Amino acid sequence: KNCSIFPVPIFFQNWHHNRRFRCTHVRRECRPHMSSTVLSRIEQLLQANQIPYDTMHHSPVKTSAEAAAVRGVPLASGAKALICKCDQEMVMFVMPANQRLASKSIRRQAGYKKLRFASKEEVWELTGLEPGSIPPFGSLFNIKTFCDPELGDNAKINFNAGEHTVSISLRYDDYISIESPQMLACSETTK
C-alpha cells in the first residue's frame, strides 16, 4: 500500500463508488484505525439512502474556524458534534460551529442533573475517534443525538468525517431525515 501525501486535481474520481468529489489534497495514511470505518459507514449510510454529498480531503484542522476556512464555507454551516456525559449516559449534541454548548439550558430542558464534556479518553473509547473529528451521527456509536434547530438556518451543513483531514457536505434536510435526532435548543452564542 502506497502511503504518501500527494496533490489531486480539483475533482477526482472515487473508483470504489464511481462518484466524483471536490478535493484539495488527499492524505493517505497506513495506520488502521476506526476513523476509516467511520468514513465508510457514513458513505454507506448516505449512499443507501441515495443522499447526495460531497467529500473533501484537506490539510488537518483542529478548530471549527480552521475547518470552515479550509472548506471555504461560513463557520455557522459547520455541524459541531460534542459528546457529553449527561447523568449516567453519553449523549451527542449537534449545533452550528459558531455556537457553544448551553449546559444550563440543556439541563433545564432535558431534565439532566449533571452534564459534562466527555474526556478525550471517553470519546476515544466510545468512538475510536479524536475530539474534533466526530461526525454528527450519534447513531453510528449507539448514542442519543440532539440537534439544535439553529443548524437548520443552513441549507447545507459540513462536518469532519472521522478524521481531521476529511469533511463531508450535505443538505441539512437530508441529515435530519437519515439521523432523526431529537431537536433541542442546545447551543448559545459564543462570547
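This is a predicted model: local features need pLDDT of at least 70, side-chain atom pairs count only at pLDDT 80 or more; totals for chains, interfaces and linings use all residues.
I started just after H2, where glycine 72 takes a positive phi of about 70 degrees. Helices here are DSSP runs of H or I with at least four residues, strands are runs of E with at least two, and both are numbered from the N terminus. Residues are numbered from 1 along each chain as its sequence is written, and side-chain values use heavy atoms, with hydrogens and water left out.

Next I looked up burial in H2: Ala67, Ala68 and Arg71 are buried (under 20% relative accessible area, 1.4 Å probe, protein chains only). They cover an arc of only 100 degrees around the axis, which puts them on the same side of H2; the arc is that of the directions from the helix axis to the C-beta atoms. Their cover includes strand E5 (53–57), E11 and strand E12 (166–171), with contact meaning heavy atoms within 4.5 Å.

Then I went for the rings, which pair if their centres lie within 6.5 Å (planes under 30 degrees apart are stacked, over 60 edge-to-face, the rest tilted; Trp counts by its six-membered ring). I get three aromatic pairs. Phenylalanine 93 and phenylalanine 146 are stacked, at 5.5 Å centre to centre and 15 degrees between the planes. Phenylalanine 93 sits in strand E7 and phenylalanine 146 in strand E10, so this pair ties together parts 53 residues apart in sequence. Both phenylalanine 93 and phenylalanine 146 are buried.

How values were computed. Buried means under 20% relative accessible area, exposed over 50%, partly exposed in between (1.4 Å probe, protein chains only).
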